[in-house]
Amino acid sequence: GRLVPEKGVDLLIRAAASLPRPWQLTIAGDGPERAGLTSLARRLGMQDQLFFDGQLPAGRMPAFLQQLDVLVLPSRSRPNWAEQFGRVLIEAMACGTVVIGSECGEIPHVVGDAGLIFPEEDVSVLHSHLLRLMQEPETRARLAQRGRERVLERFTQKQVATQTVDVYREMVA
């Protein structure tokens, strides 16, 4: 993704900084915030746990997502922007990866009960969610399974096409 302020990656770095080690934070994407995020990690003493993979081609995303324990989308609303869908959440859940997202835009509607949600800008709650998933592998496994089920129930091409046709039928009626 884009490393821009509205994506909230700084929130994730601050939330992860005080987690018990060992852990690794891998960020896929690039953009104008990368240098600032690197500097923040250095100030928080976690530069050895932070890795940037840069922009990944679409063909590499499934393998990338499958190797994660958790995917976090910590987006923050701006006067002219809110997360419209967060496709990466669907992709991660389809790969069996647990997701955590902020309350920004459509994130809570995409995640539903198949992941964890935190209030925008709330580093403390994000930290608690990360810690919980580190300490409770059974919760992580349950959410991973629920995420995959949610994708199959709501977000396959067939499901989206059916829902679209239903909307058109309702409009015509």
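Author: In what follows, a residue is buried under 20% relative accessible area, exposed over 50%, and partly exposed in between (1.4 Å probe, protein chains only). This is a predicted model, in which local features need pLDDT of at least 70, side-chain atom pairs count only at pLDDT 80 or more, and totals for chains, interfaces and linings use all residues. Residues are numbered from 1 along each chain as its sequence is written, and side-chain values use heavy atoms, with hydrogens and water left out.

Reader: Is aspartate 10 buried or exposed?

Author: Aspartate 10 counts as buried, at 17% relative accessibility.

Reader: Which residue forms a salt bridge with aspartate 10?

Author: Arginine 76 does, with the closest N and O atoms 3.0 Å apart; a salt bridge is a side-chain nitrogen of Lys or Arg within 4 Å of a carboxyl oxygen of Asp or Glu. Aspartate 10 lies in helix H1 and arginine 76 in the loop between E3 and H4, so the pair ties together parts 66 residues apart in sequence. Helices (H or I, at least four residues) and strands (E, at least two) are DSSP runs, numbered from the N terminus.

Reader: And arginine 76, buried or exposed?

Author: Arginine 76 is buried, with a relative accessible area of 6%.

Reader: Which residues are linked in a network of salt bridges?

Author: Asp10, Arg14, Arg76 and Glu121 are linked in such a network.

Reader: Turning to helix H7, where do glutamate 149 and arginine 146 lie?

Author: Both lie in that helix (residues 137–154), 3 residues apart, about one turn.
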